[in-house]
Amino acid sequence: MKKRFLSSLLAMTMVVASITACGSAAEQAPAAEVQTETQTEAAPAAEPAQTEAPAAEETASDEPVTLKWALWDVSSTVYYQPLIDAYTAAHPNVTIEMVDLGSTDYSTVLGTQLSGAGSDFDVVTIKDVPGYVSLVNKGVLEPLNDRIAADGVDLSLYNGVTDQVTIDGNLYELPFRSDIWVLFYNKDIFDKAGVDYPTNDMTWEQYDALARSVTDTTPGAEIYGSHYHTWRSTIQLDGILDGKHTIVDGEYDFTKPYYEMVLNQQKDGVCMDYATLKTQGLHYSAAFAQGNVATMNMGSWFIATLIQKIKDGEYTDCTNWGIVKYPHADGVEAGSTLSTITALAVPTSAPNKDAAWDFVKFVSGAEGAEVMASTGNIPAMTNKTIVDIIASMDGFPTDDASKEALITSHTYLEMPANDKSSEIETVLNEQHDLIMNEEVSVDDGIAAMNEGVQAVLAQ
């Protein structure tokens with residue numbers, strides 16, 4: 001590690017989960033909610049850093065070795081080859097062979113191959129938390145605890161994310177890419193209204209007041225102070241940022257203030273109507289591009305799309321934009337946010353476990369993080385240099401607040417490791433839809449969440 005690290009990390013998990021150009025209709029969704037969406041499509045034309053790739057430490061052996069790396073979307077993912085080039089430059093005896101399993105059914109295909117006889121993958125990419133839990137339950141991933149301890153890997157640099165994917169005291173993956181949630185905003189709307197921009201330290205109450213201050217309900221000339229995509233994560237997960245709850249606890253009363261805030265905004269015309277959004281299928285990128293949305297909570301994967309669409313001339317009404325940190329509850333440190341991660345693991349059947357671990361450690365560590373940032377992607381581990389690289393991308397906002405928004409105080413996975421996450425997800429999505437369509441009251445919807453998830457957990 002050549003540089004002193006900040007204690008803050010970029011989560012998103014930027015799971016499951018980089019600044020990636022995901023295309024309008026197929027843009028990345030939270031992995032826990034739409035697990036079939038690709039998380040690693042090509043980033044926009046971010047200029048590579050004009051520095052040499054950081055050198056990795058030499059392995060103990062210089063015997064020739066070929067590592068087979070299971071992943072997806074090789075042709076459209078910009079960081080695979082640069083990571084390989086940086087590693088093999090310092091390890092000329094190592095050859096990395098990429099094996100593309102496709103993105104749509106990646107986790108299923110990987111699980112099938114690792115469970116079968118004769119699998120010879122040395123390194124596997126973990127796409128999302130449910131897929132990770134499934135592989136751990138099948139016993140096909142190596143626990144990394146002893147290697148982490150022996151090599152002095154500082155897990156605190158992942159800012160709490162590794163704690164959330166530790167299963168029965170064991171960690172089976174290291175994250176290398178992350179997506180965090182931030183608040184996007186249209187500066188032109190605030191300028192026209194004569195209202196100060198959002199800041200990196202806002203409570204939810206302050207955020208609500210700010211959104212209302214720039215709202216205009218004039219028919220045909222509406223300005224929406226806020227926008228919430230139809231994913232449950234845009235509302236439910238706001239309540240986990242105090243660190244007191246998770247989305248798999250079985251108790252969801254903590255979501256009530258956030259549902260009430262958004263439903264009141266919906267009633268007062270501060271945000272678009274949920275039922276209308278569902279019926280029209282309006283994508284969040286299209287909503288923001290209209291130029292009449294002042295603020296929008298969304299994952300950092302949208303940054304690259306926004307930059308590229310503006311460069312291409314497709315987006316003309318939101319060219320003056322910025323980002324700030326996620327709002328927070330009273331008493332919670334600014335910078336707490338949601339994340340998805342993409343991680344690497346070593347299979348139990350790997351033919352070259354020592355060499356595989358060395359590659360995983362490199363990609364997930366400081367050297368790999370700088371390579372990721374140089375391709376316009378947000379790594380799971382970061383420092384000041386990496387933040388500077390990302391913020392210097394052509395098209396990234398030039399204001400200091402937008403750069404500061406990339407630094408988090410703590411990151412919470414949208415869906416922490418739980419072997420019943422899929423069933424929990426089903427219950428929460430159903431009740432979210434009913435609450436937002438106002439088919440049930442907030443209290444009744446939450447009661448149904450509690451009952452339904454507790455029944456799942458009891459199975």
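**Close-up views of the predicted model**

**Helix H11 and its end.** After helix H11 comes Gly 313, with a positive phi near 80°. This is a predicted model, in which local features need pLDDT of at least 70 and side-chain atom pairs count only at pLDDT 80 or more, while totals for chains, interfaces and linings use all residues. Residues are numbered from 1 along each chain as its sequence is written, and side-chain values use heavy atoms, with hydrogens and water left out. Helices (H or I, at least four residues) and strands (E, at least two) are DSSP runs numbered from the N terminus. Of the 11 residues of H11 (residues 301-311), eight are buried, so the helix is largely enclosed by the rest of the structure. Buried means under 20% relative accessible area, exposed over 50%, and partly exposed in between (1.4 Å probe, protein chains only). The buried residues are Trp 301, Phe 302, Ile 303, Ala 304, Thr 305, Leu 306, Ile 307 and Lys 309. They pack against strand E7 (181-186), helix H10 (284-289), strand E8 (295-299) and strand E9 (321-324).

**Nonpolar cores around Phe 184 and elsewhere.** The largest nonpolar core has 80 residues, and Phe 184, Tyr 252, Phe 288, Phe 302 and Ile 323 have the most contacts inside it. Such a core is a set of buried Ala, Val, Leu, Ile, Met, Phe, Trp, Tyr and Cys residues joined through side-chain atoms within 4.5 Å. Apart from it lies another core, of 60 residues, including Tyr 79, Leu 101, Val 153 and Val 363. Leaving aside neighbours within four places in sequence, Phe 184 is in contact (heavy atoms within 4.5 Å) with residues including Phe 288, Met 296, Met 298, Phe 302, Leu 306, Trp 321 and Ile 323. In soluble globular proteins, nonpolar side chains tend to be buried together.

**Ile 323 in strand E9.** Ile 323 is found in strand E9 and counts as buried, at 0% relative accessibility. Not counting residues up to four places away in sequence, Ile 323 touches Val 182, Leu 183, Phe 184, Tyr 185, Ile 303, Phe 396, Ala 401, Ser 402, Ala 405 and Leu 406.

Rings of Phe, Tyr and Trp (its six-membered ring) pair if their centres lie within 6.5 Å; planes under 30 degrees apart count as stacked, over 60 as edge-to-face and the rest as tilted. By this rule there are 24 aromatic pairs. Trp 181 and Trp 301 have ring centres 5.8 Å apart and planes at 85°, so they form an edge-to-face pair. This pair links distant parts of the chain, with Trp 181 in strand E7 and Trp 301 in helix H11, 120 residues apart. Trp 181 is buried at 0% relative accessibility, and Trp 301 is buried at 0%. Phe 190 and Tyr 197 also form an edge-to-face pair, with 6.3 Å from centre to centre and 90° between the planes. Phe 190 is buried, at 0% relative accessibility, whereas Tyr 197 is partly exposed, at 31%. Ring pairs also join residues into a cluster, among them Trp 181, Phe 184, Trp 204, Phe 288, Trp 301, Phe 302 and Trp 321.

**Packing of helices H8 and H16.** Helix H8 (residues 256-267) packs on helix H16 (residues 421-436) at an angle of about 35°, with the axes 11 Å apart. Axes are lines fitted to C-alpha atoms, for helices over the stretch in contact, and angles run from 0 to 180 degrees between N-to-C directions. H8 contributes Tyr 259, Val 262, Leu 263 and Gln 266 to the contact, and H16 contributes His 432, Ile 435 and Met 436.

**Loop residues with positive phi.** Asp 73 is not a glycine, yet its phi is positive, about 55°. Asp 73 lies in the loop between strand E1 (65-71) and helix H1 (80-90) and counts as buried, at 15% relative accessibility. Asn 159, also a residue other than glycine, has a positive phi near 55°. Asn 159 is in the loop between helix H4 (145-150) and helix H5 (161-164) and is buried, with a relative accessible area of 8%. Most residues other than glycine have a negative phi.

**Asn 383 in its loop.** Asn 383 lies between helix H13 (366-374) and helix H14 (384-391), in the loop that joins them. Asn 383 is buried, with a relative accessible area of 1%. The C-alpha atoms of Asn 383 and Ala 366, 17 residues apart along the chain, are separated by 8.3 Å.
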